[in-house]
Every structure is written in C-alpha cells, then in structure tokens.
Amino acid sequence: MTASLRTDVLVVGRGPVGMTLALLLARYGVASTVVDPADREIRLSSKAVLMHGESLEILAKVGVGDAIGRTGVRLSGSRVFVGTKELRHDRFPVPDPAGYAMAVNFPQSETERLLLDAVDEEPLVDLRLGLTFRGLVQHETHVAAELVDERGDPVHVDAGYVAGCDGARSTVRKELDVRFEGHAHDDHYLIVDVRADLPFPDERRFVFHPPAGAGRTALIHPQPFSLWHLDFQVGHPPDLESEARDGTLDRRIRAVIGDHDYEVTWSTSYVFKQLMASRFSVGRCFLVGDAAHLYAPYGARGLNSGLADADNLAWKLGMVVTGQAAPALLATYGEERHAVARHHFSVTSDTAAFMAPTTRRGRWRRDLTLALATRVPAARRWVDAGHFYRPEPVAMSSLTVPDPIESRAAVRSGELMPDLPASLAREGHPLRLRAAYGLHPMVVDVPQPAGDHDDVEVTVHHLGGGLGPTRLPVRGRVARERVLGACQGGAALLVRPDGFVSRRLDRGPSGADGDVVAELADTACSLYGKEA
C-alpha cells in the first residue's frame, strides 16, 4: 500500500541547509516536509567549521544564531606563514556589541544538533527520516514526488514546490537532468580534529611548507570544547590506520602543534571539487547548497553560501506561497544565486591555482612568490592563502534598480544593508537595525546628520504585515560611514527581507524630495509583482 503526503514544500535533505530552509519557511506560515534516508545520529566533527557573521544572522532568524555566537570561537584574525616565518597577520573587525563577529568557528555537527532541536519544536516542519527520494513529475500546479521508506514501501508526496538540499550527489539534481560541471583536484587532504590545550590565539593559522612530515600546507582552526581543526595537504591518498600505527600521523600533528598532549577525536580525508549546476531551478524545483555548487575549501564558502541560498529562496517562496508576491519572483532565485556561485567559483579557482598548483609552471610560480614574499614585504600581497567568504552583492539582479554612476554612497543598490547600532540601549540590551527586520520588504529612511556626534532618527517602514514604523536613534558618524557616504541630504533604501538593497533614493541637500516611502513602495510592487 502506498502512503501519501501533502505539503507546501518538500525539502529533500536534513542537513543544515535543508533544515534552515524549512524553518525560514515556517516563519511565513508555509508548511514543509523534510525527508532524508539518514537517522538522527550526528557525530561530533569539524566539517564546515567556519561560520561568517552573516550566516549567524540567518540562523538567528530560526533561533539558533545566538547559541552559536555564544559558544563558538570568535576569530580575531588570520596569520599566514611560510615554514616558521610569518608573512601576514590580518586582524578582523571588532563586532558591534549586539552583533556577531565576522568569523566564528563552530562544528557543523553541533549546528545540525541545534537545528534538529528547532525543527522538533516547529509544528510547520514535518521531519520524516528513513525516506529516500526516488523521482518526481512536475505538473502545472504541483510536483508529484516518489519516495521509499526503509522497508522499500513507496511513499507519494504532492508538494507545491521541491527544494533539493541533498548534497553533492543530489538525486533531485539528477532527476531534473541538470548538468554538474567542473573538475576534481588530484591532491588529497587530511582533516584531524584533536582535543588539546594549545597556546595559540583565537586565529586561523595557515602554513605553506610546514615543518617536515606535516604535508605541503597546513591549516589550524580553534574550535570550542578545547578542539582544534587541523587540515593537511598530503598529496597522496592517506592510509589513516597505517599512519596511526607507524607514527606518521603523530609526526604530522606535532609538526604544527608542537610538544603538547592531544587526543584525536575525528579524522577523514578528502579531495576537493569545483562543480556547479548549469541551472539552480527547473519549474517548481530548486537546487540549494551543495546540490547546486561545490567549491574548493578555501575561504569557507560551502555551508555559508548554502545558508545564503536558503535565505534567498525562503523569502521568495514564503511570499509567493502566501500570495504576497507573484510566482515570477521565484525565477530570480536561480538568476541571483547562480551569479553569486560563478563569482565564488572564480575566487576559489584562483586560490586553488596558487595553493595547490597542478603544473610544474604553477608550482614554480608559487614557490618563487613565497620565496620573494619572505624577503620583500611588498610582495606579500601576491600570496593567495584564501579569501574569506563574504555575502556577494546582487547588483545585476532584475530585483535591483542600479544607482546613478556618479553616486558616492557608502552602501549601494544590490549590496547588503549594513547593520546600524542604536545610540541607546533598552533594558540594558543594545538595540540595532537588524532587530527591526521582518518578513516583508521595508524602506529604511536615514536622514543627513547635523554632526558626527548628533543622533539621527532612522525610520523603518514595513511594507506589509500591518506593522507600524520602527524608529532607531543612530550616531551621525555611523549613519554617514555605513549608509550615506558623501551623499548630502540623507537617503531612503528599499531593503528586501534577506537584507539586500533593491533600490536607493538619495535626498537632495534640502532633505525634501517628495514621498520617498510611497515611491519605494511602488518600486517594491513593480519588482515583486504584488501591491506592498
């Protein structure tokens, strides 16, 4: 007998991206069913350990960002070495008191545990484990998906939409006949998690040509719970059991941590791949996270980019399913996220060409650059040790109205709206602009300050949901540095639910340019297809 289910959105894959997407949809009142052949068991491991602050902002929407921010290791900077010689020390910006650090180390396994707990508490998310996705047929009004349970019995699901969050070997992607194009790298890497008390600061440490026996490169990341993530480029496929027996693994570890006691808690090996789906959406089906793209592990783009995919898709699906936006809005998911993926693909490809060259010429170029950089400080800018993930603009999106070429604004259309901390606290807790974000587009009105130390009243007008305006006093210097730039007269910005600016209107020097809120509300209606 065939079991049947109905749901607004079928999410295939219960990894952190799939669960985040389901929880984000629940905020709009959209029901989802999350399916996965796996069970609930999660083993502590440091896969996808580095979380960008913007990823924590996304996870905060579903109730787990604060827990990660409190427990995770806030990275204060990054150091790059050649052997034992330090080439570069980059310091990360100090976060606002109410915000998140730019980079926080927290094991992906523990992120999944927090999300599982949140899913258990959310009645609009139906988690069905032990179900394997087999295929689908798209219809004009829904998608008919076929699954099987652990006994091999069929399960039929009628879903409004399907999100493939089922990883690099995505069955959804294969069923949609979407190409996954790119290449795999030949070199093997070894990850070892160790528990130890080490004297290193809370920083990323990357080493070219580490001491003998470690490998070709080595990466060290501090984690919570006295854990350390060690990543070695070893070239040949490592035999972990053999290395543990003959002492090779111990020599690798001690080459980078020194003579300190340690306990190995987890290890694995991998080769990295650079692969991208030819398209991220087909009809009512979407590819999200690793199902859509795989990047070389330089700069922590995997999970961070996957969470940004989920955030982008969730607000669009949420508004379309609830009738607040036109279905055509969904086409912009693939438009925007494919463009962002192409950028990340280019950045990580360039880094891979330097850090792990595959040709004799490439190795000669890298080694010459490193040798020069150890002697000439100016040459250190040519050393590519990986560029940290950051949310990329959606400037070329059809949801973005370009700024005038001559604009000298601090934040432009298509970019992520920066957070603004209030100049006062309420009940001892700092206030900030991000706390005023909701489920709908909004207009953020930032007046021109009289002076750096004077407050301006930033007003958030919510375009939907029946919410009144939210007002936030902000120091003039902060408003000018983060939003206004050299513009005179203030500015009003149409901000999407995911925080990106769709349109910016700069006021004239007099500060009076008509009803900018009404004009931007009309823009929202035009861009999203429904009256705001």
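In which hand does H1 pass H4, left-handed or right-handed? The crossing is left-handed. The model behind this report is predicted.

## Helices H1 and H4

Helix H1 spans residues 16–26, and helix H4 spans residues 108–121. Their axes come within 9 Å and cross at roughly 30°. Angles under 35 degrees count as roughly parallel, so H1 is roughly parallel to H4.

From H1, the contact uses Pro16, Met19, Thr20 and Leu23. From H4, it uses Gln108, Glu112, Leu115, Leu116, Ala118 and Val119. Seven of the residues in this contact are nonpolar, two are polar and one is charged.

## Ser78 in strand S5

Ser78 sits in strand S5, residues 77–82. Its relative accessible area is 2%; the cut-off for buried is under 20%, so Ser78 is buried.

The side chains of Ser78 and Arg204 form a polar contact of 3.3 Å. Setting aside neighbours within four places in sequence, Ser78 contacts Arg88, His89, Asp90, Phe92, Glu203, Arg204 and Phe388.

## Positive phi at two loop residues

Asp177 has phi near 60°, a positive value in a residue other than glycine. This residue lies in the loop between helix H5 (171–175) and strand S12 (180–184). Asp177 is exposed, at 68% relative accessible area.

His209 also is a residue other than glycine with positive phi, near 50°. The loop that holds His209 runs between strand S14 (203–208) and strand S15 (217–222). His209 is partly exposed, with a relative accessibility of 36%.

Terms used. Residues numbered from 1 in each chain as written. Predicted model: local features only at pLDDT ≥ 70, side-chain atom pairs only at ≥ 80, totals over all residues. Heavy atoms only, no water. Axes fitted to C-alpha atoms, helices over the stretch in contact; angles between N-to-C directions. Helix = DSSP H or I, 4+ residues; strand = E, 2+ residues; numbered from the N terminus. Parallel < 35°, antiparallel > 145°, perpendicular 65-115°, else oblique. Left-handed = near helix turned anticlockwise from the far one by under 90°. Contact = heavy atoms within 4.5 Å. Nonpolar A, V, L, I, M, F, W, Y, C, P; charged D, E, K, R; others polar. Buried < 20%, exposed > 50% of the residue type's maximum accessible area, 1.4 Å probe, protein only. Polar contact = N/O pair within 3.5 Å; in protein donor to acceptor, adjacent residues only side chain to side chain.
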